[in-house]
Amino acid sequence: MALPDSFLQELKIKTDIEDVISSYVTLKRRGRTLVGLCPFHNEKTPSFTVYPETQSFYCFGCSAGGDSVGFIKRIENLDYIDAVKLLAQRAGMQLPEDGYDDSLVKKRRRILEMNRAAAKFYHSFMLSDEGKIGLKYFQSRGLTQKTITRFGLGYAPDSWDALVKHLNSLGYRDFEIVEAGLAKRSSKNQSRIYDMFRNRVMTPYIDIRGNVIAFGGRVLDYTKPKYINTSDTLVFKKTNELFAMNIAKDSGDSALILCEGYMDVIALHQAGFTNAVAGCGTALTNEQVRLISRYANEVILCYDTDEAGKQALTKAIRLFNNTDIKIRIPALTGGKDPDEIIKTQGVERFSAMLEGAANEIEFEIINLRNKHNLNSTQGKLDFLNDVSRLLANSSRIEQDLYASRICEELDVHKDSLMAQIKQYESQQSRYSMRRKYEEERRSYQRDVVRESYVKSASARKINAEKRMLSILLRYPKCYKLCDGFDEKMLSEGFITKVYQLTIDFIKKGIDCSLTAYSQYLTDAELGELSGMINNFNDSNNYEAEFSDCLKTIAEESNKKNPVDAGGLSDDDFLKLMKDISNNKVHKEEEK
């Protein structure tokens with residue numbers, strides 16, 4: 001069952017997409033639209049566009065698009081009903097009691113309730129005589145009772161089914177407990193389940209809305225694996241979440257401290273650094289970087305000092321380089337991680353390390369300095385050559401500042417270093433432009449080939465279908481021209497789905513806005529539809545053009561597609577792309 005159209009239309013009237021999106025993205029007006037950096041992929045040049053006239057958004061970089069509901073779904077990682085509910089509450093509206101299928105919403109709610117019950121169970125057990133081994137572990141790590149309580153830390157009994165029995169007593173069924181990731185089915189007897197976490201100290205993961213969404217468990221002996229985490233569920237996707245972001249977002253600091261593990265974060269929070277966060281059992285991802293960008297304009301990378309930490313740091317720098325977030329890297333000494341450094345060096349010493357954190361360029365220069373022997377002529381030459389490559393990617397002010405410092409220190413004429421920097425700058429610019437052109441060309445050609453041949457349709461037919469739908473959305477009166485048109489001639493999937501929905505909306509007198517489609521289409525489909533709506537070029541004679549599109553679709557659907565791209569070899573596939581770029585394919589079809 002779908003939400004009533006009358007409710008959705010009222011929600012659309014009471015919700016302004018500019019107000020909604022500006023809470024998450026800094027927007028700048030550009031004529032009749034607004035632009036900003038896309039929150040759904042990393043970029044430095046704005047490609048994210050908001051269209052107040054159509055109450056929609058579209059990103060030309062990643063093709064994300066939709067209405068206010070679609071935006072909230074993506075940005076808050078919610079399902080459709082929860083996104084509508086959030087916007088309805090914002091608009092002072094009450095969600096209808098019936099008229100829609102809320103089974104998924106209820107399932108999510110049940111999982112969150114089970115997680116909260118499990119967190120209470122683990123915490124209570126740790127405070128009992130049986131679970132005091134867990135409490136002693138946390139105390140041995142220097143954590144106070146206040147910190148233990150604040151983070152809801154606990155201990156899972158050394159039992160196969162202690163949690164399962166507890167949740168059963170609360171009315172939760174076995175299949176629900178498994179869906180929540182709190183238990184597993186026995187491989188020998190599928191009807192039996194056992195606790196996912198046993199004999200481990202437990203750390204709950206809490207999202208920015210205060211929900212317990214998952215757990216991390218650590219063994220107290222030498223059992224492998226040392227750490228395990230909740231698998232992805234309806235309420236948890238580890239690549240999207242950051243541990244302690246629910247606290248850090250309200251720290252009042254414009255910078256976030258990013259650590260590798262949650263124990264480092266807990267230790268930092270206890271020491272007063274409440275802006276610390278960490279990944280939830282996974283290496284840093286683009287989704288987590290985007291989450292950080294919503295709450296901070298600077299990030300301090302406090303990774304472990306071992307080899308794994310250095311590799312993680314390198315990846316993090318690469319990911320943040322695709323954003324406008326400033327990064328700083330402290331020189332951590334006196335311990336392998338922030339937790340150990342605070343214990344051995346003290347809070348003030350660690351705070352000084354953060355204050356003296358270098359930006360990315362300074363950090364790289366320090367590494368290059370350690371790599372080369374500056375007491376030898378060859379060492380100086382190699383160092384200056386590497387520095388030239390590094391500064392070629394920086395701003396003019398940064399080039400001038402760092403070149404002045406380095407040349408003064410090494411007694412080298414600044415003009416020589418600047419000339420070398422400009423040489424690398426020119427080389428990198430030419431390479432970058434050539435690579436960008438090749439990537440765009442290959443991407444375009446692959447898209448054309450795949451869409452044409454995977455759908456068993458010519459590019460001419462696909463263009464006609466999209467133009468036909470665009471006209472129909474803008475001018476619903478064209479519906480009368482569809483009499484006698486066989487919708488089976490349309491490409492399967494997105495095109496047919498949107499056509500059928502549109503015809504149904506027009507028949508029922510429903511406004512063909514993105515809001516009407518949002519509960520029926522996937523995020524990717526909404527993005528494609530948003531692009532069609534907002535990139536529409538008006539027609540001088542829309543009825544005649546609409547009829548021409550229908551005619552073209554009929555003509556092309558009667559033609560046999562001569563090539564199966566899925567079965568082509570790599571060489572034949574590349575040849576096919578070349579033929580399409582030279583407009584040869586259609587000539588072959590017409591012979």
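**A tour of helices and salt bridges**

Select A316 to begin: at 0% relative accessibility it counts as buried (buried means under 20% relative accessible area, exposed over 50%, partly exposed in between, with a 1.4 Å probe and protein chains only). This is a predicted model, where local features need pLDDT of at least 70, side-chain atom pairs count only at pLDDT 80 or more, and totals for chains, interfaces and linings use all residues. Residues are numbered from 1 along each chain as its sequence is written, and side-chain values use heavy atoms, with hydrogens and water left out.

A316 sits in helix α13, residues 307-320 (helices are DSSP runs of H or I, at least four residues, numbered from the N terminus). Leaving aside residues up to four places away in sequence, A316 touches L284, L301 and Y303 (contact means heavy atoms within 4.5 Å).

Next, select D339 and R141, which form a salt bridge with the closest N and O atoms 2.8 Å apart (a side-chain nitrogen of Lys or Arg within 4 Å of a carboxyl oxygen of Asp or Glu). D339 lies in helix α14 and R141 in the loop between α6 and α7, so the pair ties together parts that are 198 residues apart in sequence. D339 is buried, at 6% relative accessibility.

K343 is partly exposed, with a relative accessible area of 45%.

Finish at helix α20, residues 459-474. Here 12 of the 16 residues are buried, among them A459, K461 and I462.

Note on methods
Helix = DSSP H or I, 4+ residues; strand = E, 2+ residues; numbered from the N terminus. Expected span 1.5 Å × (residues − 1).
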